[in-house]
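Please look at the sequence and the model together.

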Number of protein chains: 4
Amino acid sequence: MEDVLIRTHETVSLKEPILVAGLPGVGTVGKLAADYLREQLGTRPLATIHSKFFPPQVYVNEEGLIRLVSNDLSYLKAKSASDHDLLILGGDYQGISPEGQYELTERILNYCNALGTRELYTLAGFAQGHVVEKPRVLGAATSPARVEAMKRFGVVFSRNDPGGGLIGASGLFLGLGRTFGMEGVCLMGETSGYFVDPRSAEAVLKVLTKVLGVQIDFSALEAKAKEIDRIAQKIQEVTGEGRTSEPSNPSREDVGYIG
Amino acid sequence: MEDVLIRTHETVSLKEPILVAGLPGVGTVGKLAADYLREQLGTRPLATIHSKFFPPQVYVNEEGLIRLVSNDLSYLKAKSASDHDLLILGGDYQGISPEGQYELTERILNYCNALGTRELYTLAGFAQGHVVEKPRVLGAATSPARVEAMKRFGVVFSRNDPGGGLIGASGLFLGLGRTFGMEGVCLMGETSGYFVDPRSAEAVLKVLTKVLGVQIDFSALEAKAKEIDRIAQKIQEVTGEGRTSEPSNPSREDVGYIG
Amino acid sequence: MEDVLIRTHETVSLKEPILVAGLPGVGTVGKLAADYLREQLGTRPLATIHSKFFPPQVYVNEEGLIRLVSNDLSYLKAKSASDHDLLILGGDYQGISPEGQYELTERILNYCNALGTRELYTLAGFAQGHVVEKPRVLGAATSPARVEAMKRFGVVFSRNDPGGGLIGASGLFLGLGRTFGMEGVCLMGETSGYFVDPRSAEAVLKVLTKVLGVQIDFSALEAKAKEIDRIAQKIQEVTGEGRTSEPSNPSREDVGYIG
Amino acid sequence: MEDVLIRTHETVSLKEPILVAGLPGVGTVGKLAADYLREQLGTRPLATIHSKFFPPQVYVNEEGLIRLVSNDLSYLKAKSASDHDLLILGGDYQGISPEGQYELTERILNYCNALGTRELYTLAGFAQGHVVEKPRVLGAATSPARVEAMKRFGVVFSRNDPGGGLIGASGLFLGLGRTFGMEGVCLMGETSGYFVDPRSAEAVLKVLTKVLGVQIDFSALEAKAKEIDRIAQKIQEVTGEGRTSEPSNPSREDVGYIG
């Protein structure tokens with residue numbers, strides 16, 4: 001079979017669509033953010049991506065129906081004809097081998113490039129190793145102009161973080177995107193790294209929606225954040241874990257996916 | 001060499017053959033069922049499948065003759081010209097890497113597709129983590145119509161099982177089968193997961209034979225089940241293991257092959 | 001680069017050459033035997049095999065010269081024009097991944113097939129897990145006729161050994177050799193599995209040379225066997241290990257290369 | 001995507017350029033040496049190498065700008081028209097799988113071959129397992145003439161070191177270089193293997209610069225060596241480690257990269 005199989009559901013003509021990519025990773029921040037954005041904006045399905053670089057797995061839903069693990073692209077036409085359209089990439093997995101990561105990223109970028117994409121945003125979590133009350137959004141970008149632009153939206157570019165760089169799709173989309181001449185930014189919501197973190201996803205989306213000039217309702221995401229808070233609270237009560245108040249850097253040797 | 005090498009032994013014309021696939025997995029349920037069905041129905045060998053995605057291994061039989069590990073397809077002509085013919089897939093191994101799983105499944109589906117297959121059944125075990133006196137047959141399917149049809153044969157579609165989806169060939173055949181336009185069902189016999197389980201295989205086959213409208217003699221399988229019961233009984237006497245009577249869900253994180 | 005790179009040193013025309021393959025494995029028996037046979041017969045280098053399925057490694061000799069790890073084929077013209085010529089395969093490694101094993105074996109067989117090979121012998125060790133005073137030579141073969149022929153040379157075909165089959169090149173050469181229409185035999189010298197075992201290699205070669213109708217001097221191999229005996233003896237004195245006298249079957253689950 | 005992607009920044013005509021390769025490995029000796037040489041000689045960037053055989057990773061610099069992990073080639077025109085030009089290979093990683101090592105090495109050698117390279121030097125560390133006050137430079141080469149030539153520059157060719165050969169890029173470049181008809185030498189600076197070792201890199205560079213007939217200023221490297229000494233000293237004071245004074249051979253079974 002083809003290593004990466006992209007099935008297009010609808011032929012569309014898009015206006016230099018901006019790609020937003022949020023795949024599973026630290027705190028599930030990127031995936032939460034991309035899925036929520038897709039839902040709130042009511043994007044339309046564009047393509048489904050299967051690959052032998054995903055696990056050989058199907059999900060079974062409550063009705064007993066199977067679905068092969070995948071990534072998927074959906075799109076949104078801009079309200080104004082002069083604006084960029086939008087592409088959102090989400091999915092169940094990142095590629096499960098280094099080579100798979102490269103192949104998947106390159107194939108998806110190639111597909112978006114053919115649709116006219118010149119600009120992309122990857123969404124991710126940044127593990128701080130301690131509970132983060134008010135998650136900041138850290139950034140990394142492909143050009144100084146992008147760095148300056150993001151700072152105006154409150155994105156923090158820290159001298160030391162992320163120290164070891166970005167491992168996984170969120171960084172690779174930017175790195176390989178350069179070979180397609182694309183400019184891009186990675187937006188990383190701070191998170192403990194111990195829980196699924198809707199609050200961090202919200203922080204990321206608050207920046208991103210301003211950057212994209214779209215508006216969404218955050219109430220469902222906030223409700224989910226409060227639910228996770230309650231669970232985390234209970235676990236902390238039982239185990240005494242996670243109450244570290246002093247900031248501590250995560251290990252530089254950490255090899256888990258950041259994004 | 002070719003990644004997957006399918007050698008056809010006989011050129012046959014089949015009438016929209018239904019594929020039944022049972023490969024090694026949890027409790028060896030799928031393989032036991034497919035092998036037993038093949039034997040009872042007296043299917044004829046159709047093709048042998050070698051692949052570099054299998055281990056580099058030969059088996060040596062009691063006469064000292066070697067046989068390279070393989071999967072194999074056999075077929076059965078339906079008694080009535082209006083009925084579907086049958087294809088049974090069995091073998092020594094599933095692909096031993098995720099990529100190998102995808103490649104093997106896709107190649108075998110492609111081969112069956114060329115023979116006219118539109119419908120498939122995968123047989124598997126479902127590990128409950130405790131001794132199951134009367135194994136139910138759980139199901140997953142590609143369409144609501146299939147789910148409803150299977151319920152009429154007593155197949156259980158549980159809201160929670162299998163929670164993490166299906167990992168391995170039994171799910172992948174359904175998932176990739178969809179890309180060939182095939183409809184399918186996975187039949188999973190409940191099993192402890194600790195023993196080879198002919199009783200679970202029998203439960204699966206009792207459903208499957210009704211679905212296919214074929215009749216077989218179950219006595220040899222029942223004899224084997226009793227033999228395993230005796231062995232399991234002895235091990236339980238010695239170790240005190242496996243006597244848990246209350247139902248317990250297997251871990252969702254379990255990454256072993258289900259099918 | 002090509003996955004497997006076979007560089008031919010000399011263009012020769014061979015008369016249905018019999019392939020003898022001895023690569024590193026249990027007790028280094030197969031490699032010891034093939035290397036010794038090559039040396040004693042004074043074979044000529046035919047081809048060197050490099051591959052990305054070997055480790056990325058060079059050896060450095062005492063003069064400081066490097067040599068990239070490889071397999072290699074050498075040949076010997078038969079003394080009588082009516083006899084088969086001989087090909088000997090030796091080398092530093094077997095392929096280090098399952099896929100690499102298949103690719104290497106298939107490529108080498110393909111090469112030998114082009115030279116006219118119809119028959120092959122693979123040499124290996126068979127781990128008994130205890131010291132073997134007088135190693136027998138166990139066999140596995142591709143046809144009943146070969147089994148019978150080997151029995152006449154004293155090769156033992158045991159109902160139970162090797163129980164789990166043969167894992168690695170010695171079995172795979174026979175298994176894939178069948179797809180080229182080649183007939184073959186695996187000769188396995190019993191060995192403890194704890195030491196490099198020249199005595200087991202000698203037992204294998206005593207059979208093989210009779211089968212091939214060639215004569216070699218065994219004194220150097222016997223000297224090496226005595227040296228290993230002395231070392232083993234000393235280790236046993238110190239540790240008390242390896243003195244088990246009762247026969248015990250090696251574990252069926254053993255996944256180490258047999259040959 | 002291509003397995004190995006070499007992007008050329010500048011089209012240059014070079015005079016039989018000598019390749020110097022220093023990638024991360026034991027004590028980071030090879031990389032330290034190559035990077036320092038490049039900096040001191042003021043080489044110009046020639047090509048950037050991306051590959052799916054590197055980790056899926058980007059680095060983020062202090063300004064927040066990302067850079068995809070890579071290897072890179074830079075060049076230096078010789079001062080005299082009759083001299084060889086120079087190519088220096090450095091980078092973030094060696095290939096992270098055996099197959100990746102072969103592919104990357106072969107592709108880079110192929111690229112250099114097209115530029116006229118006939119000769120190469122690989123720089124590496126050699127782990128002694130104990131603190132080395134005055135690191136010697138050990139050698140391995142592709143021909144006796146090279147061995148003799150290197151001895152005149154003080155390179156040590158030891159009967160026993162490196163016992164298990166060279167694993168990784170530094171050896172592979174020589175081994176595969178032979179298939180391009182290239183001659184080469186591996187220069188290995190002795191090092192403990194416990195620290196990044198600029199002193200060992202300096203020893204290697206002192207030999208290499210004489211061989212190449214170039215001159216560089218060593219003061220910055222010496223300053224770095226003293227800094228590491230201080231850190232090592234402190235660690236030794238705390239742990240009592242690393243003070244072994246008697247020479248000890250590193251384990252032959254050591255499978256870590258040497259170069």
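The crossing of α2(C) and α4(C) is right-handed; a crossing has this hand if the near helix is turned clockwise from the far one by less than a right angle, and is left-handed if anticlockwise. The model is a predicted one, in which local features need pLDDT of at least 70 and side-chain atom pairs count only at pLDDT 80 or more, while totals for chains, interfaces and linings use all residues. Residues are numbered from 1 along each chain as its sequence is written, and chains are lettered from A and ligands numbered from 1 in the order in which they are written.

Helices (H or I, at least four residues) and strands (E, at least two) are DSSP runs, numbered from the N terminus. The two helices of the crossing are α2 (residues 98–115) and α4 (residues 169–179) of chain C, whose axes come within 10 Å and cross at roughly 55°. Axes here are lines fitted to C-alpha atoms, for helices over the stretch in contact, and angles run from 0 to 180 degrees between N-to-C directions. α2(C) and α4(C) are therefore oblique to each other; angles under 35 degrees count as roughly parallel, over 145 as roughly antiparallel, 65 to 115 as roughly perpendicular and the rest as oblique.

On the α2(C) side, the residues that meet α4(C) include Tyr102(C) and Leu109(C), and on the α4(C) side they include Leu172(C) and Phe173(C). Contact requires C-beta atoms, placed from the backbone, within 7 Å. The residues of this contact divide into six nonpolar, three polar and one charged. Ala, Val, Leu, Ile, Met, Phe, Trp, Tyr, Cys and Pro count as nonpolar, Asp, Glu, Lys and Arg as charged, and the others, Gly among them, as polar.

Between chains, 25 residues of chain B are in contact with 15 residues of chain A. Among the elements of chain B that give two or more residues to this side are α2 (98–115), α3 (144–151) and α4 (169–179). By class, the side of chain B that touches chain A has 13 nonpolar, seven polar and five charged residues.

In chain D, Phe53(D) sits in the loop between β3 (44–51) and β4 (57–60). Phe53(D) counts as buried because it has 23 C-beta neighbours inside 10 Å; the cut-offs are 20 or more other C-beta atoms within 10 Å for buried, 12 or fewer for exposed, and in between for partly exposed. Leaving out residues up to four places away in sequence, Phe53(D) touches Asp3(D) and Leu104(D), among others.

Methods:
Two residues are in contact if their C-beta atoms, placed from the backbone, lie within 7 Å.
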